[in-house]
Amino acid sequence: MNTSFQTASEQSPGRFGNAQRLLGHLDANVISNLITTTADVVLVMDENGLIEDAAFANEELLNIGRAHWIGKPWGQTVTEESRNKVNALLRDVADNKGTKWRQLNQSAENGTDLPLSYSVISVPSGHTDGRMRALAFGRDLRPQAALQQKVVNAQRAMERDYWHLKNVETRYRLLFQVSSEAMLILNADTEKLEDSNPAAFELLGGDLHKSGWSISSSLDKSSSAALSKAFAELLASGQTAPVSLILPQGGIKVSVHISLFRQEKSSHFLLRLIPTRHVLPCRPTTKPVSCCQRSWRAPPTHWLLPI
C-alpha cells in the first residue's frame, strides 16, 4: 500500500477498523457506485488538479458539469472568489493534511453559480511512480441556499411590517395627543387607566394622573353604574350605545362613546368623552334671576378619530 495514501487515511477520524477485510474484495464498479452514492458530485483529478472524470447524482447536475468541467483544471471551473479555496484544498491534500469542507461556487454554462461544499482526499493513481489522484466530494447546497433565502425574505417582510406598524402607531399616537376630544384607554379586565390625552386631563383635572385613579371615582353612583353596565354590554355583544354621564367636577354632562380593542393579548376600552352641557353656578345679584345654562356643542362627527 502506498505510504502517502496510508498516511492520509490515518488522518481520517472515524474510519473503518478493518477496511481491507471488509471492503478489499470489491471491484472498481462497486467502489464507483459507493463513491457516487456519498455525494452529489465527485471529481477525479490528477495531482495538478486537472479534472479527468466526474460522477453526478442526478441528470440536472450531469448536464451542468460533464461537458463543461472534464478536461479543465478545477480552478477554471469555479467562480473567481472560489479559486483560492480550490488551491487551499489541493494544497492540503498534497501535504497529506485532512481537508475541511469548503463551500465553492461552480460555474455553469447558463451563467448561474452552483453552490457546492467540497472535501478532498488523495488516492493512489495506480502508476508505479507513486503519483496520486485527488477525489473531490461535493454536496449540492442549493436546497440550503433556497431555505436561507426564504428565511432572509421572511426577516425582511417582518422588518417591513414592523416599521409599517411603527409608522401607524406614531400617526395614531399623534392624533391621540392632539385630539380635542378627551380620550381614555382602560384595561378591560381591571378598568384601570392605561393612557390618556391632554384633553382628558383638562376635562377631568389633575386627579387623572394620581396612582390608583379610576373613572368610577370621578362619577356619582348612578353614572358609575351606567358606565359599568355599558362595559358589560360591550364585552358580551361587542357593541354598546353612548352613555350620558355627569362629572362632579363643575357639573359637566358628557356623552361617552366606548370601543373595545385588543393589544398584546389583552382587551382595552377606548373612551371618548364629549361634553354636551355645562351647568354654571348662579351669580349673586340684586334681582332674583334663574340660573343660566351654557350649552356645549359636540364636534361634528367627521372630526372624531376613526376607531
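**Rings and a greasy patch**

Val178 is found in helix H6, which covers residues 142-178. Keep in mind that this is a predicted model.

Me: Is Val178 buried or exposed?
Reply: Exposed means over 50% relative accessible area. Val178 comes in at 58%, so the call is exposed.

Me: Which residues form a nonpolar patch on the surface with Val178?
Reply: The patch has about 400 Å² of accessible area together.

Me: How many aromatic pairs does a search of the whole structure find, and what kind is Phe56 with Trp69?
Reply: The search turns up 4 aromatic pairs. For Phe56 and Trp69, the centres are 6.0 Å apart with 50° between the planes. Over 60 degrees would be edge-to-face and under 30 stacked, so this pair counts as tilted.

Me: Which parts does the Phe56 and Trp69 pair tie together?
Reply: Phe56 is buried at 14% relative accessible area, and Trp69 is buried at 2%. Their pair links parts 13 residues apart in sequence. Those parts are strand E2 (residues 51-56) for Phe56 and helix H4 (residues 59-69) for Trp69.

Me: What about Trp74 and Tyr118: how many residues apart in sequence are the parts they tie together?
Reply: Both are buried, and they form an edge-to-face pair, 5.0 Å centre to centre with 80° between the planes. Trp74 lies in the loop between H4 and helix H5 (83-94), while Tyr118 lies in strand E4 (residues 113-124). So the pair ties together parts that are apart in sequence by 44 residues.

Me: Which residue lies over the face of Trp101?
Reply: Look 3.7 Å from the ring centre of Trp101. The residue over that face is Arg139.

Notes: Residues numbered from 1 in each chain as written. Predicted model: local features only at pLDDT ≥ 70, side-chain atom pairs only at ≥ 80, totals over all residues. Heavy atoms only, no water. Patch = residues over 30% accessible without salt bridge, like charges linked within 9 Å, V, L, I, M, F, W, Y side chains within 5 Å. Areas by Shrake-Rupley, 256 points an atom, 1.4 Å probe, with all protein chains shown as cover. Salt bridge = Lys/Arg side-chain N within 4 Å of Asp/Glu carboxyl O. Helix = DSSP H or I, 4+ residues; strand = E, 2+ residues; numbered from the N terminus. Buried < 20%, exposed > 50% of the residue type's maximum accessible area, 1.4 Å probe, protein only. Phe/Tyr/Trp six-rings, centres within 6.5 Å; stacked < 30°, edge-to-face > 60°. Lys NZ or Arg CZ within 6 Å of the ring centre and 35° of its normal.
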